[in-house]
Amino acid sequence: MTTDIEDLIKDIGNADRVPDAALGALLPYAAELTPRLEALARRRMEGDWLYSTEDNLLFYGLFVLAAAREPRFWPIWLEMLKVSDDGLESLFGDGVIMSVRAITLGLVGNDVEVVADLSSSVDLASDVRAGLVEALARLTCEGKYPRENFVALIDRIATLEGTDNDDRCKWCVEEAIVLGGIGERAHLLDSLWRTDAFSIWNDADKAE
């Protein structure tokens, strides 16, 4: 297998699907990869058009940095999270929530409080908020974020419901309660299930 970073980057940039082995081979080069991805990320945030090979490198490279737990990219990732819906949707497609969750968990280190503050921002894109809240639920279950703070975050996000026409905040709050096992907010969960946002759900869905 190729071990030169330039060849690995070229392979990833031109691949439609990248095997795990290729991404794993890039892990030792995370430090060298960081400034390249920062340059691509900043161009993207500034509205520059990227070649498909550059988009591929940024997409897959972010997961490499997350797997390597590369702390130097964390401030840039926080900036990326604050861009518009279109910004991250065009990069991650339908997988924005899962991607935000995974990359955040890899890069966050001990900066968990920043994630919580960002999650309750009114201006945050709805899918980004959902991804961050899922990450916080995981961190809470692992004892890395205080449970009482997570419950308070749920309450804050619940007050943002009216800011989303598609009821995404309701779904976000529901997911947070379920993933975090927040039994003390069962009444809130029940009230959410009675809204139009969950009208297609039946008793079996709720039991699951």
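The structure is a predicted model, in which local features need pLDDT of at least 70 and side-chain atom pairs count only at pLDDT 80 or more, while totals for chains, interfaces and linings use all residues. Residues are numbered from 1 along each chain as its sequence is written, and side-chain values use heavy atoms, with hydrogens and water left out. Helices (H or I, at least four residues) and strands (E, at least two) are DSSP runs numbered from the N terminus.

**Aromatic pairs**

- Rings of Phe, Tyr and Trp (its six-membered ring) pair if their centres lie within 6.5 Å; planes under 30 degrees apart count as stacked, over 60 as edge-to-face and the rest as tilted.
- The count by this rule is nine aromatic pairs.
- One of them is the tilted pair of Phe59 and Phe92, with 5.7 Å centre to centre and 50° between the planes.
- This pair links distant parts of the chain, as Phe59 is in helix α4 (residues 52-68) and Phe92 is in helix α6 (residues 85-92), 33 residues apart.
- Phe59 is partly exposed at a relative accessible area of 22%, whereas Phe92 is buried at 7%; buried means under 20% relative accessible area, exposed over 50%, and partly exposed in between (1.4 Å probe, protein chains only).
- Trp171 and Trp201 form an edge-to-face pair, 5.5 Å centre to centre with 70° between the planes.
- Trp171 lies in helix α11 (residues 168-180) and Trp201 in the loop between α12 (186-193) and α13 (203-207), so this pair ties together parts that are 30 residues apart in sequence.
- Trp171 is partly exposed, with 29% relative accessibility, and Trp201 is partly exposed too, with 23%.
- A cluster linked by ring pairs consists of Phe59, Tyr60, Phe63, Trp77 and Phe92.

**Helix packing**

- Two packed helices are described by the angle between their axes and the distance between the axes.
- Axes are lines fitted to C-alpha atoms, for helices over the stretch in contact, and angles run from 0 to 180 degrees between N-to-C directions.
- Angles under 35 degrees count as roughly parallel, over 145 as roughly antiparallel, 65 to 115 as roughly perpendicular and the rest as oblique.
- A crossing is left-handed if the near helix is turned anticlockwise from the far one by less than a right angle, and right-handed if clockwise.
- Contact means heavy atoms within 4.5 Å.
- The axes of helix α8 (residues 112-119) and helix α10 (residues 147-158) are 10 Å apart at an angle of about 20°, and the two helices are therefore roughly parallel.
- The crossing of α8 and α10 is left-handed, and in it Glu113, Ala116 and Ser119 of α8 meet Asn149, Leu153, Arg156 and Ile157 of α10.
- Helix α9 (residues 126-141) and α7 have axes that come within 8 Å and cross at roughly 45°, which makes α7 oblique to α9.
- α7 passes α9 in a right-handed crossing; the residues that meet include Val96, Val100 and Thr104 in α7, and Val128, Leu132 and Ala135 in α9.
- α8 and α9 pack at about 140° with their axes 9 Å apart, so α8 is oblique to α9.
- The α8 and α9 crossing is left-handed, and its contact is made by Val112, Val115, Ala116, Leu118 and Ser119 of α8 with Arg129, Leu132, Val133, Leu136 and Leu139 of α9.

**Thr104**

- Thr104 is in helix α7 (residues 96-107) and is buried, with a relative accessible area of 0%.
- A polar atom of the Thr104 side chain lies 2.6 Å from the backbone oxygen of Val100.
- Apart from neighbours within four places in sequence, Thr104 is in contact with Trp74, Trp77, Leu81, Val115, Leu132 and Ala135.

**The loop between α4 and α5**

- Glu70 is placed in the loop between α4 and α5 (74-81), and it counts as buried at 7% relative accessibility.
- Glu70 and Leu107 are 37 residues apart in sequence, and their C-alpha atoms are 6.2 Å apart in space.
- Setting aside neighbours within four places in sequence, Glu70 is in contact with Ala30, Ala31, Thr34, Leu65 and Leu107.
- Arg69 also lies in the loop between α4 and α5, and it counts as exposed at 57% relative accessibility.
- Arg69 has a positive phi of about 55° although it is not a glycine.

Note on methods
A polar contact is a pair of N or O atoms within 3.5 Å; within protein, one must be able to donate a hydrogen and the other to accept it, and residues adjacent in sequence count only if both atoms are side-chain atoms.
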